[in-house]
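Here is a note for a colleague who has not seen this model before. Please read the points with the structure open beside you.

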Amino acid sequence: MNIIKGTIMILIKNANLFNGTDEKLIQNVNVVIEDNIVIKITKDAVDESTFDKVIDANGHTVMPGLIDAHVHITLSEAPHILDTMTTEEIAIRSAKVAEGMLMRGFTSVRDVAGNTTGLKVSIDNGYATGPRIFPSQAAISQTSGHSDYRQNRGQKRFNNHEDSPLMKTGAFTIADGRAEVLKAVREQLFMGASQIKIMAGGGASSIFDPLDTLQYTLDELKAAVEAASDYGTYVAAHIHTTEAMKRAAEAGIMSFEHATIMDEDIAQTIKDKGIFVIPSYFTSSLIAERKIPLGSEVLYQKTERVGKAMLRSAELIKKYEIENICYGTDCVGSLNVHATQSSELEAIEKVFNSLTALKMVTSNCGRLFELSTYQHPYQEGKIGQLVEGAYADLLIIDGNPLEGVACVVNPETQKVIMKDGVFYKNVF
Ligand SMILES: [Zn+2]
């Protein structure tokens, strides 16, 4: 953090604490914040006169800021529309999308395809408003893979099958074979990626790659994992089918995005290896109900299959007691789509329960991000838990989230949003 500030002491008193992990609120605590770090949480009386600011939470709940582990800040339109925009237009739209996330209470996000390092640094240095960003930089895909967005076979006639304008912004890149995959991973690390995103199987919303395709050979996947782990970090894979997940698990991939179509064997493997799973129940249900406009009947059929399968896989997540599950919305598109970012929390609550939903949107994401080790961009404090030594990323909520998560995302009951010790909303 390069913002120069003197020591500012903030006290939040009379709060009930959800710490990000426990099934019960800790009643009536005082939270002491020094600059951007929570330095003390105590039931003992605190001398208020030493503080620059005192907030009386009046029995409301204080909890960690929300975390979304699967966002695409720069993909604020469909790829073919982004192709028509200047880089500046995409950047300005991205800043607006990021600001919206913070103002919904999301204090950290992991971007999994997009050139977001510049925005991340600008936010960290106070030139833009938004959450902490864990950038993946370009998602890496094989030729004819999920993010081969050249998407125009007609160009082939003119021997001009080059990257699309969107790909040239650094949102996606193509690499084939061990050598190119190693280089593509290292390129993203050079650009500031805190983790690597690859496309390890077919997609639901893409035109040219059927859902059941296996993308990348085992050796190519291993190459990606090697280059990432040599840099202390991990690979997240876009992945839908059981076959693709089996190959990715063997390669050592630790974050399965979507993980839609599971069988019992892969559920057991995910549990045994401690692989993180990032499902998106709200988006899936919208897709399954055909509420998101798609280009063709084929796309509707693909996405319906995905939407229904994800709910069946949730039963396996419960059966095998997979605890490494994280909140990820996969919001792609305009501000209208991003406005639904919080809806996933209630969708998860319906599939699991309130505590699981709350852990998924706080501490579980914090644990996932720790897989970045020294590539983790925010090492001064803990993220996703409200404990001593954590960053002062927190919300104050009118209500008990453990009795129903609606109060967490309702702007009326979300009273305070603080990130890095700074108030972005305070209606006390
Ligand atoms: Zn995605």
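1. Start with Glu315. This residue is partly exposed, at a relative accessible area of 46%. (Buried means under 20% relative accessible area, exposed over 50%, and partly exposed in between, with a 1.4 Å probe and protein chains only.) Lys318 is partly exposed too, at 35%. The side chains of Glu315 and Lys318 meet in a salt bridge of 3.2 Å, N to O. (A salt bridge is a side-chain nitrogen of Lys or Arg within 4 Å of a carboxyl oxygen of Asp or Glu.) Both residues sit in helix 10, three residues apart, so about one helical turn separates them. (Helices, H or I of at least four residues, and strands, E of at least two, are DSSP runs numbered from the N terminus.)

2. A word on the source. This is a predicted model, in which local features need pLDDT of at least 70 and side-chain atom pairs count only at pLDDT 80 or more, while totals for chains, interfaces and linings use all residues. Residues are numbered from 1 along each chain as its sequence is written, and side-chain values use heavy atoms, with hydrogens and water left out.

3. How many salt bridges does a search of the whole structure find? The total is 16. One of them joins Arg110 to Glu257, at 2.9 Å from N to O. The two partners are 147 residues apart, with Arg110 in strand 7 (residues 106-111) and Glu257 in strand 13 (residues 255-258). Arg110 is buried, with a relative accessible area of 0%. Glu257 is buried as well, also with 0%.

4. Next, look at Arg132. Asp393 forms a salt bridge with Arg132, the closest N and O atoms being 2.7 Å apart. This pair also links distant parts of the chain: Asp393 is in the loop between helix 14 (363-369) and strand 15 (394-397), Arg132 is in strand 8, and 261 residues separate them. Arg132 counts as buried at 1% relative accessibility. Asp393 is buried at 7%. Asp420 forms a salt bridge with Arg132 too, with closest N and O atoms 2.9 Å apart.

5. Which residues hold the zinc ion as protein donors? They are His70 (NE2), His72 (NE2) and Asp330 (OD), lying 2.1 to 2.2 Å from the ion. (Donors are N, O and S atoms within 2.8 Å of the metal, or 3.2 Å for Na, K and Ca; water is not among the atoms, so sites may look incomplete.) The spacing along the chain is H-x1-H-x257-D. His70 and His72 are buried.

6. Backbone angles deserve a check. Most residues other than glycine have a negative phi. Asp330, a zinc donor, has a positive phi of about 60° although it is not a glycine. Asp330 is found in the loop between helix 10 (297-319) and helix 11 (335-338). Gln137 also has a positive phi of about 60° and is not a glycine. Gln137 lies in the loop between strand 8 (132-135) and strand 9 (139-141). Gln137 is buried, with a relative accessible area of 2%.

7. Met167 lies in helix 4 (residues 165-168). Met167 is buried, at 3%. Leaving out residues up to four places away in sequence, Met167 touches Ser147, Tyr149, Arg150, Phe172 and Ile174. (Contact means heavy atoms within 4.5 Å.)

8. Finally, the domains. The chain is divided into domain 1 (9-64 + 385-426) and domain 2 (66-352). (The bounds come from an automatic or database domain assignment.) Their C-alpha centres lie 32 Å apart. In the interface, 17 residues of domain 1 are in contact with 16 residues of domain 2. The area buried between them is about 1300 Å², of which carbon and sulfur atoms give 64%. (Buried area is the accessible area, with a 1.4 Å probe, that two parts lose on being put together, summed over both.) Val405, Val409 and Lys419 supply 42% of the area that domain 1 buries against domain 2, more than any other three residues. Two salt bridges are counted between the domains.
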